[in-house]
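Good morning, and thank you for coming. Please look at the structure on the screen while I describe a few features of its backbone.

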Amino acid sequence: MSISNAVGPNRRSTVVGYALDKGTEGVTGGFLPQRIAIVGEANTANQVALKTKLVFTSADEVAQEYGYGSPLHLAAKRLRGNNDVGGVGTVAYSVPEAGAAIAQEYTVTVTGTASKSASQTIIIAGQYIGFTVAKDDDATVILGKIKDAVNSVIDSPMTAGVVTATPDMPLTAKWAGESSSDIKVEFAGEDVGLTYAAAESAAGAGAVLPDDALTLFGSEWNTFVVNCLKATSTVLDAYEAFNGNSDTRNGRYNAEDWKPFVTCSGTVENDKDNLIAITTGRKNEQTNIIMPAPSSLSLPLEIAAATAFIYTPRVNRDPKLDIQNHRLIGIVPPQEITPSDLDVYNNRDLISKNGCSTVKISDGDFFVKDFITTYHKTGEEPPQFKYVRNLAGIDFNVGYRTIFLDNTYILGKTILPDSNPSVDDEVIKPDDAKSIIAQNLVEDFAAKGIFADAAYSLERLTVGINGTNPDRLDFRIPYQRSGFARIASTNAVANFYLGDS
């Protein structure tokens, strides 16, 4: 083997040659680059010539394409608004409105006359929008002020219509579809003799599925999906059908193009039985994450996006991390915080065993306790793919690193048995391949705390030339994930000190 090929071996005339080659020593591939895909609807006004996919680095880009206050924009604000996910990739996929879809609508009324000047608030999907009433303002005047206040907030998911002679005023969602029914309207402020009401005059309707958006994933590896659609059973089914699972090895778990993801859907549900009802039929699936924020005024899609915001940058840096006890930033609590089922440990324990993530509210903020998929297979303890940290953090990264090493060091080389003495750079032997995996995956991940025990994997790591296909190397890489401190259990033993006499 020639030491240098900068100058061709057939050259004979005097010359000095130099070439810069790309080395592979120390090149491991790093960690799986996180990429957030938000799947949702655009505003009704933006349905014409709808762009189906948008890679974005700011929430304004999404707003300009899909409309301010649209589901896609509101999710994007949680990722690239006042706070930013930094180096995590973000892409929006739009789903067209359903035919004959209906936008959520409320009729706002005001009863009484203001007894004094005061600041008042209308709360739309967790957005606190202020307006001021003056002494002796009547309903018509106040409704006009509410209208101006709402329409001055460009990010509001609703628009205020004309004040009628009744008097009342319509509030209409900016998009049509059943996800618009998640928008809730409340009022707050000092008592000045006024009674506010927002009565539902049209329920958001029109079911859509994520299928068309998912097919656009193609060969790109979107690791975390934020679901902005109504998290109905059929929508959750669609994500599972497209993603597949590790048992059937279909969908994104297909061995020849392995690029699985997890999907997060938020919920404001506060009843344990209702939460369990969402996940109980999904015990064999590892795609969906249900993240509750009980009685929150925020939209479910914002809860999902807030989850992506705190998780993906962490796993981007270190796959072994979790978001246990991390705050769902910007998720708005109810006006009056009362205990929910999730504030009781026994209920959180039950919910988590049934495949639903859990949170606890403290000082008006929601803190994640258990970040899990719906996977809770009967008879499997501990469930292999329950914790997102284990599946999307560790398992996805093992797959990414292994595929990178195979493509970089192994594929395209001439296969020889270990008994062959060749040291040619273009040759790969089973022992060589085994060393590549041992050093660049097993030992590296063990040193970083991702694997619990390098010796376990090294003793069991197997590489061999296939028995029926001489052009194929087969690998088997057993590994033990590191654990994560979720429970600290201590027994203190109290005794008395007694003197000698």
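I shall begin with two terms: helices (H or I, at least four residues) and strands (E, at least two) are DSSP runs, numbered from the N terminus. This is a predicted model, in which local features need pLDDT of at least 70, side-chain atom pairs count only at pLDDT 80 or more, and totals for chains, interfaces and linings use all residues. Residues are numbered from 1 along each chain as its sequence is written, and side-chain values use heavy atoms, with hydrogens and water left out.

As background, most residues other than glycine have a negative phi, and most peptide bonds are trans.

Let us turn to the peptide bonds. Between strand E7 (158-160) and strand E8 (169-173) there is a loop that contains proline 167. The bond that joins threonine 166 to proline 167 is cis, and its omega is near -5°. A cis bond also links glutamate 381 to proline 382, with omega near -5°. Proline 382 belongs to the loop between strand E15 (365-370) and helix H9 (388-410).

Now to phi. Alanine 49, in the loop between strand E1 (35-40) and strand E2 (53-55), has a positive phi near 50°. Alanine 125, in the loop between strand E5 (118-124) and strand E6 (127-133), has a positive phi of about 50° and is not a glycine.

Is alanine 125 buried or exposed? Here buried means under 20% relative accessible area, exposed over 50%, and partly exposed in between (1.4 Å probe, protein chains only). Alanine 125 is buried, because its relative accessibility is 4%. Alanine 49, at 71% relative accessible area, is exposed.
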